Amino acid sequence: MYWLAIAFIGIVWAQEWIEGSLIEPEGEPIPFATIQNLRTHQGTYADLQGRFRIRAAPTDTIEVRCVGYLPRRLIASEIRGQLVLFPTAVEMEPVVIQPTENPAYALLRRLQAKAAQWDPLQHPHKYVSYNKLSLTLPETSLKTFVSPHLFIWETETEKLYFSPAREKETLRAQRIVGNLPVQSILSPTSFLPLSVYRPRLKILEREFISPVGSDGFTYYEYGIKDTMYAERDTFIRVDFFPKRGKETHAFRGQLTIILPDAALYTFFGKIDKIYGEGGILEFSSYSIWHFYEKIGDTLWFPTQLHSEATLRLRAGRENFPSLILRSRSFLKEVTFPSREEELDRSEVLIRAEVPELKERAEPLTPEELTSYRVLDSLLARQEVRRLRWLFDLPTLVTARLPLGVVNLVLRPLLLYHEAEGLRPQMGVETSDEISEVVRLRIWGGYGLRSQAGAQGTPWRYGGEIEIGRLHRFQAFYYDDVRERTLPRLIDEIPASLPGEQRVYEVVARGYAFGWEELVREKAVGLRLRLAVSGKLFSFIQMMGMSRSAFSEQWQGIVAVSGMEYLAQQTLLRRGGTSWRLSYEGPRLCLQTGFLRATWTYHSLLPLLPWFQFDFWHQWRWGRAAAMRVRVSATLVDSRFPEIWRHRLRTLPRAYLGVSDALAAHPIRQVVLSAVYGFYEWSLPNQRFPTAGWAPILTLHLQGAYADGVLYPEGGLSLRNWMPLFVARMLPSLALTQVGLFFPLSSQLRRERFYLRV
C-alpha cells in the first residue's frame, strides 16, 4: 500500500497543463470540440479558435471528439501545437423527445432562471474590443482573384454601457485596406447581439427567437449531446433545432451550459436563410458564435463574438456571386463601472484623426497579410483615394465631405418642385482644422425652370455662424422659397438635432408645389439650442422676416420657442460635428411662437400667437404585430393672414408614399386650427412566414378635426405583397404599396373609397 500511495502521488505530481489547437486539413480552426483525459475522466472544450488546455500526465490518453469529424486518441506527450481532425459524414435518424421526457428542458429552465443574473445587458459594463471585418469571395472564386479578401477593416473600440439609452462607444484605433483616411465604428454588436438571454434577438434588422429565452420551448426541440467535467465544473452540451413550421423564426446549433453556475459557456447558432422584403440583397447561411469567460465571481461575460454571413446581390434575373462577410470581435479589460460614471445620453465618438491599430487580439493569417499587401497597393492610386468618403460613416450620416480646411455640405444636393424644377445647390463650411467649436457655413442654389425667377431671382442662398456643439448658438440669414403655410411638425422627421440645418432641410411631402402654394422668404435671426439632458432639448429663435407672394407681401418679427423630448437617442460626434444617429419613441415636440407683422397696405398688427404639438410612438410585440400612434395639433390666431395659416395635411388621389396624411379627403384647405390623429396596426410577415409569400397588412384609423369639421377615415394597405420569386425579378414593383381608404363620415362622403398607390 505504501508503494501504491507513492506511485499515485508521483502520477498526480507529474500532471501538467497540455495545450494545443484543433484545425481542419485546410487549416481552419475547429471550435467547441470535446477534449477528455480518459484516465481522470476530466475534460474541456476548445474555444472559437480551436485552442484547448487540459491537465494530464505525459502517459495519459487524450481523446478528441467533435461532431462531423473522426475522433482521435493521443498520448498526452504527443500533443504539440496543432492537431488535425478529418471530417466524416454523420447520418442520424431524427429523434424527437417529448418535453415531459426530455432532460434538456430541466437544464434549460435552470439557465432561464439565472438569465437576469448572467445577462450582460442587465449589468453596467465597460470593455475594450478588437474587431475585424472581412469580405471574401467563396473559395471556388478565389482562384481567379489576386487577393483572398476583397476588404479588411480592423478597429479597436471602447464601450461604456449602462442602458440602451446611456452608452458610449469610442473609436480608439483602426487599420483599413489601402490606409484610407476614413473613420467608422465596427462594434462587437454591429452584426450580432451581445446577449442571447433575451427572448428575441435582432439580426440584420430582423428578429429571431432565442433558444435560451422565455419563448424557446415554443419554437425549439432540444437534446443533450454529451457531458464533460473539469475540476468542480460540469459542461453539458445541448443541441437545438427549430420545430416544424418555425424554421424562419429560429436558429439551429448547439450551446454549452456550465454547472453549478447554470450559465452559458459557448453558443453557436445558424440561420439557414433570412428572407427579405422584396429587396435585392439576400442573406443566407448566417451564423454567430459566443464564447464566455467568468469575470471574477461577478458575471459570465461574452469575450468572443464572431459572425459569418453569406450574401448575394440580385438585379433582375442576374445572380451575382455570393460574398462572405465575417466579423470577429475579442473583448478584454471588462470592468463594471459605478453609477457615478452613468451617462446622460448615448454617443458614438470618433476622433478627427484616428491612430493606426498596433495591437491585435489574434495575429493576421497569411491570406490577410496578402490581401493587405495587394489592396494597399491598389487603393494607393490617387483616383481611388478621392472616393474615400464612400466608406466613411460620419460623412454619409452628416452629409459633410471633408476637404481639408472646409467641409462640403451635401444636404440636400438636389431639390425639386413644380415651380423651380430642379434646383442644384451646395454648401461649404469650415472644418475642425480651423475650429471644433465655431462653424461658418454658406450655401447656394439655382432654380432651373423659367418660373424660378418669377418673384425676383432664381438664386437661393444663405449663411450662418454656429458656436458650440450640443449647446449651440446660431446667427443666420437666408433667401429661399418656402411653403406658404406654417412650419408643420407633422412634416418633420427628427433625423438631426433640433435647430440644426433648418434652412437646408426639405421634407418630402405627398404632393408637388406650384407657385400658388409657395412664397419667397427672407430672414435674418438668432437661434439658441440647449441640451437640458440626454433626452430633452429646448430651442428659442428670434428673427426678422419678409414674405412675398403674387397676391400679398409682409414683413415683421417672429419669435419661436420649443422643446423636443426623445426617450432614446444616439448621437454621433466627430470633432465639432454632432448628429443624431438613431432614435426611438416616444417622441414629443412642442413649439410656440409670436408674429408681429407690418403689411404693405396695413398698419402694424398686434402680437399674433400660434402653437404646435406633436406626439409619436410605436410599439412592437415581437413577431405578432406592430402599432404606431401619432397625434398632432396646430392652432393660430384668427387674425393671421392666409399667407401664414395652416394648410390641411392631405394626399392627392394617386399617392400613398408619405405617412401621416389624410388619404380619403384630398382637399387643399387652409385652416386656423387642426388636430390630427393617426393609428396603424400592422401584422408583420414574420407572424405567418412562408418561403414564397410574406405580406404585411396594415389597418389605418386616422382623421383630422379642423375648424370645427371632422374628417375621419379608415383604410387597409398592403406591402410586400408579391411572391418572392416575382419580387426578385421586379424589385421596383415589389416596393409598391397599395392602400384602400374610405371616409367614415357620411356628411363628407363624396366617393365610397379611394385607391392609393
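Modeller: Start with a cut-off. A residue counts as buried under 20% relative accessible area, as exposed over 50%, and as partly exposed in between. Keep in mind that this is a predicted model.

Now the charged pairs. Side chains of opposite charge can pair when their charged atoms come close. The count here comes to 46 salt bridges. Take arginine 328 and glutamate 362. They form a salt bridge, and their closest N and O atoms are 2.8 Å apart. Arginine 328 sits in strand E20 (residues 323–335), while glutamate 362 sits in the loop between strand E21 (346–350) and helix H6 (366–379), so the pair ties together parts 34 residues apart in sequence. Why is glutamate 362 counted as buried? Its relative accessibility is 12%, and the limit is under 20%. Arginine 328 has 21%, so it counts as partly exposed. Salt bridges can also share partners. One such network joins Arg400, Glu429, Asp432, Arg439, Arg441, Glu464, Glu466 and Arg472.

Next, lysine 294 and aspartate 261. Their side chains meet in a salt bridge at 2.9 Å, N to O. This pair also links distant parts of the chain. Lysine 294 is in strand E17 (residues 281–295), and aspartate 261 is in the loop between E15 and E16, 33 residues apart. Lysine 294 has 32% relative accessibility, so it is partly exposed. Aspartate 261 has 18%, so it is buried.

Lysine 159 belongs to strand E9 (residues 149–163) and glutamate 169 to strand E10 (residues 166–176), ten residues apart. Both lysine 159 and glutamate 169 are buried.

In H2 (residues 103–113), the buried residues are Ala104, Tyr105, Leu107, Leu108 and Leu111. Seen down the axis of H2, they fall within an arc of 160 degrees, so they line one face of the helix. On the other side of H2, Pro103 and Ala113 are exposed.

Back to strand E25 (421–430). Along with strands E24 (414–417) and E27 (459–468), E25 supplies at least two residues of a nonpolar patch. The patch lies on the surface, has about 1100 Å² of accessible area together, and includes Leu422, Met426, Trp459 and Tyr461. Methionine 426 is placed in E25. Its relative accessible area is 34%, so it is partly exposed.

Strand E34 (residues 625–636) is mostly covered, with nine of its twelve residues buried. Twelve bridges join E34 to strand E33 (residues 608–621), and the two run antiparallel. Ten bridges join E34 to strand E37 (residues 673–683), again antiparallel. Here arginine 628 has glutamate 680 in E37 as its bridge partner.

Last, the whole protein. It has ten helices and 41 strands. Of its 757 residues, 50% are buried. Among contacts between residues at least 6 apart in sequence, 61% join residues at least 24 apart.

Terms used. Residues numbered from 1 in each chain as written. Predicted model: local features only at pLDDT ≥ 70, side-chain atom pairs only at ≥ 80, totals over all residues. Heavy atoms only, no water. Patch = residues over 30% accessible without salt bridge, like charges linked within 9 Å, V, L, I, M, F, W, Y side chains within 5 Å. Areas by Shrake-Rupley, 256 points an atom, 1.4 Å probe, with all protein chains shown as cover. Salt bridge = Lys/Arg side-chain N within 4 Å of Asp/Glu carboxyl O. Helix = DSSP H or I, 4+ residues; strand = E, 2+ residues; numbered from the N terminus. Buried < 20%, exposed > 50% of the residue type's maximum accessible area, 1.4 Å probe, protein only. Arc of directions from axis to C-beta. Contact = heavy atoms within 4.5 Å. Pairing = 2+ DSSP bridges.
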